[in-house]
Amino acid sequence: MEGKRISRGIAKAAAAALVSSLCVVPLSQANAKDHYKVFLNMSYSGNSWQAAAANGIKALAATPPYDKMIEFKTVISGTDVQRQISDLQSMIAAGADAILIMPLSPTALNRVVKQACDKGIAVFTYDATVTQPCAHNVSSITARYGANTAQWMVNQMGGKGEVVFNHGVAGTTVTKTYDEQAYGVFKKYPGIKIVGDFYGNWNDATSQEEVAKILAAHPNIDGIWSVDGSYGSLQAVMNGRPDRLVTMAGQSNNGYRLAIADPAMQAKGLKGVSSSSGPSVGGYAFKLMMEVVTGKKKLEKQNVEFPLPWVEPKDVKVCPGDAFVNGCNTFPADKVSALFLDTALDGKLLPELSIDAVQTGNPKAGAKIEELPPVKYADTLPGINCTDCTPPADWLEPNLVKPIPVPN
């Protein structure tokens, strides 16, 4: 797909210089036009989270008025950083106006990202982040999932009990950040004992297998902390100890949300919170990028925080249709699979999307792009979304959940 290139006149040179010196999203913001070449660059692919994010972005690009304004292309780079760098260089050479990236590294892409910025290309990331200051990061990594969910579990458990810790994917900034926060909370309570931990790779099958092994060795576990893999973790407990369930923190699988709100499951001891970054961060980043590119919005800072989803059992509301409307956030069991990620949708920020849209990439019938509310800027975290910066003094502490006192 070929689109018009950004003008190479005096306005572009001035805008590019402004980007370089002030780190403000560039030319496209000051030089809105009627046609744009937009690339989605994915790294990891092949799992339900990535598929839902990519399909949501694709559906939004095909929703009016963007369906007539955008030439959209998805490029999957895989897990090779050098391949991602090469693909980004090809997008620059092809005359991109905007590039939305799921980056493999917070630092390895910085040089090529700067090359794009110097060409007047708007560069946004979603979920994962880069430290190059000319890019905009859109992520919930700064929303303190680790600290808030760990504190919620501690509160529910009365500050005592045996906990299993499901890390996620080793080496990722998300895992490092969330783990540090969650461990920091748990360590404040001497009654909390972490009796087993593993890297579940955000995968339900792996998580189920590993929790089953730990449960066999520690039959009295009281809680499981995880990011994704929560539904599989719960299945392991239901299979191994069906009459005594656990306190859990985890992602947003539809089956998991239905379970934590089920009175029969609650009667067996299940207490759960559904949170963590969902695939809708991709669609949100896309909409925000296009508002900047078309001149509708100006961002004063580099990093934007995607709101942390937070659904407790009392908050679960089943939808009658195929989209999130009127505050609903979960679907009937016969509507979607148990592993469907409800956070692929967001009724407030992405009303344009439906179940079909995030499963197929087809736009929702009758939908039109709606303007986003004002953004919330994110904390600066060195090595994650900035380099020479200072994090907030309380960045490891919960900011949604009030801690209980340490029990005697």
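How close do the axes of helix 3 and helix 13 come, and at what angle do they cross? I looked this up first.

**Ground rules.** I am working on a predicted model, where local features need pLDDT of at least 70, side-chain atom pairs count only at pLDDT 80 or more, and totals for chains, interfaces and linings use all residues. I number residues from 1 along each chain as its sequence is written, and side-chain values use heavy atoms, with hydrogens and water left out.

**Helix 3 and helix 13.** I find the axes of helix 3 (residues 48-61) and helix 13 (residues 280-293) within 7 Å, crossing at roughly 30°. Axes here are lines fitted to C-alpha atoms, for helices over the stretch in contact, and angles run from 0 to 180 degrees between N-to-C directions. Helices (H or I, at least four residues) and strands (E, at least two) are DSSP runs, numbered from the N terminus. Helix 3 and helix 13 are therefore roughly parallel to each other (angles under 35 degrees count as roughly parallel, over 145 as roughly antiparallel, 65 to 115 as roughly perpendicular and the rest as oblique). Their crossing is right-handed: the near helix is turned clockwise from the far one by less than a right angle. Helix 3 brings Trp 49, Ile 57, Leu 60 and Ala 61 to the contact, and helix 13 brings Val 281, Gly 282, Gly 283, Phe 286 and Lys 287. Contact means heavy atoms within 4.5 Å. By class I note 6 nonpolar, 2 polar and 1 charged residues. Ala, Val, Leu, Ile, Met, Phe, Trp, Tyr, Cys and Pro count as nonpolar, Asp, Glu, Lys and Arg as charged, and the others, Gly among them, as polar.

**Helix 9 and helix 10.** I turned to helix 9 (residues 204-217) and helix 10 (residues 230-240). Their axes come within 7 Å and cross at roughly 40°. This crossing is right-handed. The contact holds 6 nonpolar, 8 polar and 1 charged residues.

I traced an open sheet of 5 strands, ordered 7-6-8-9-10, with parallel pairing. Two strands pair if DSSP finds at least two bridges between them. Strand 7 (192-198) and strand 10 (271-274) are at the edges with a single partner strand each, so one side of each has no neighbour in the sheet. Strand 6 (residues 161-166) pairs with strand 7 over 6 bridges. Glu 162 has Lys 193 of strand 7 as its bridge partner. Helix 8 (residues 173-186) lies across strand 6, strand 7 and strand 8 (223-225), at about 175° to strand 6. Helix 9 also touches strand 6, strand 7 and strand 8, and its direction makes about 130° with that of strand 7.

**Sheet with strand 11.** I traced another open sheet, with 6 strands in the order 2-1-3-4-5-11 and parallel pairing. Strand 2 (70-76) and strand 11 (303-305) are its edge strands. Strand 5 pairs with strand 11 over 3 bridges. Asn 137 stands opposite Asn 303.

**Salt bridges.** How many does the whole structure have? I count 14 salt bridges (a side-chain nitrogen of Lys or Arg within 4 Å of a carboxyl oxygen of Asp or Glu). Lys 33 and Asp 97 form one, with the closest N and O atoms 3.1 Å apart. Lys 33 is in the loop between helix 2 (27-30) and strand 1 (36-42), and Asp 97 in the loop between helix 5 (81-93) and strand 3 (98-101), so the pair ties together parts 64 residues apart in sequence.

**Backbone.** I checked Pro 64 to Pro 65: the peptide bond is cis, with omega near 0°. Arg 144 has a positive phi, near 70°. Arg 144 sits in the loop between strand 5 (136-139) and helix 7 (145-157).
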